[in-house]
Amino acid sequence: WLLPPGSSMPWLAASMGASAVLLFALPSSPLAQPWAVVVGSMTSAAAGVAAVHCAGVLPPAVVPAVAAALAAAGMLLLRCLHAPGGGTAIVPVLAGIGDPMFVLHPVG
């Protein structure tokens, strides 16, 4: 209730919590390396924002799946696979965030 209306922070907390578990429980895992965490999260956020922009031409039920698929493809291409990124990609879709600055703040 302290957050402004339309804030994505409650949604973002879940994927960031999953990232924290990877970082602290499995620090030597390839999914928990700095490149994977930072670039993977930002790539996923960008995929989610892109999916929001495609929402007008896609059925609403398909948009989160498109966001997750774009995130997975982007992370694989950039070799920054980070499993919680799938959740991060869905955050802008659920919150209706189409602002590209979401990638830098709060995700980056």
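**A walk through the model**

Guide: Let's start after α4, which spans 85-95: P106 lies in the segment that follows this helix. Keep in mind that the model is predicted.

Visitor: What is the peptide bond from H105 to P106, cis or trans?

Guide: Cis. Omega for the H105 to P106 bond is near 20°.

Visitor: Okay, confidence. What pLDDT does the chain average?

Guide: The average is 90. Of the residues, 90% score at least 70.

Visitor: Which element has the lowest mean pLDDT, and which the highest?

Guide: Helix α1, residues 9-25, has the lowest, at 84. α3 has the highest, at 97.

Visitor: On to packing. How do the axes of α3 and α4 cross?

Guide: They cross at roughly 135° and come within 8 Å.

Visitor: Which residues of α4 are buried?

Guide: G85, T88, A89, V91, P92 and V93.

Visitor: What follows α4?

Guide: G96 does, with a positive phi near 70°.

Visitor: Which residue other than glycine has a positive phi?

Guide: R79 is one, with phi near 55°. R79 is found in the loop between α3, residues 63-78, and α4.

Visitor: Is R79 buried or exposed?

Guide: Exposed. Its relative accessibility is 75%, and the cut-off for exposed is over 50%, so R79 counts as exposed.

Visitor: Switching to α1. Where does S19 sit, and what does S19 touch?

Guide: S19 lies in helix α1. Leaving out residues up to four places away in sequence, S19 touches H82 and P84.

Visitor: Why does S19 count as buried?

Guide: Because its relative accessible area is 4%, and buried means under 20%.

Visitor: What about A18?

Guide: A18 is in helix α1 too. At 32% relative accessibility, A18 counts as partly exposed.

Visitor: How far apart are the C-alpha atoms of A18 and G85?

Guide: 9.3 Å, for residues 67 apart along the chain. G85 is one of the buried residues of α4, and G85 is also part of the contact with α3.

Visitor: And A13, how far is A13 from V91 in space?

Guide: 9.6 Å, C-alpha to C-alpha. In sequence, A13 and V91 are 78 residues apart. A13 lies in helix α1 and is partly exposed, with a relative accessible area of 48%. V91 is among the buried residues of α4.

Visitor: Last topic, cysteines. How many disulfides does the count come to?

Guide: The count is 0, with sulfur atoms within 2.5 Å as the cut-off.

Visitor: So is C80 buried or exposed?

Guide: Buried. C80 has 0% relative accessibility.

Visitor: And how does C54 count?

Guide: C54 counts as partly exposed, at 33% relative accessibility.

Key
Residues numbered from 1 in each chain as written. Predicted model: local features only at pLDDT ≥ 70, side-chain atom pairs only at ≥ 80, totals over all residues. Heavy atoms only, no water. Helix = DSSP H or I, 4+ residues; strand = E, 2+ residues; numbered from the N terminus. Buried < 20%, exposed > 50% of the residue type's maximum accessible area, 1.4 Å probe, protein only. pLDDT = per-residue confidence, 0-100. Contact = heavy atoms within 4.5 Å. Axes fitted to C-alpha atoms, helices over the stretch in contact; angles between N-to-C directions.
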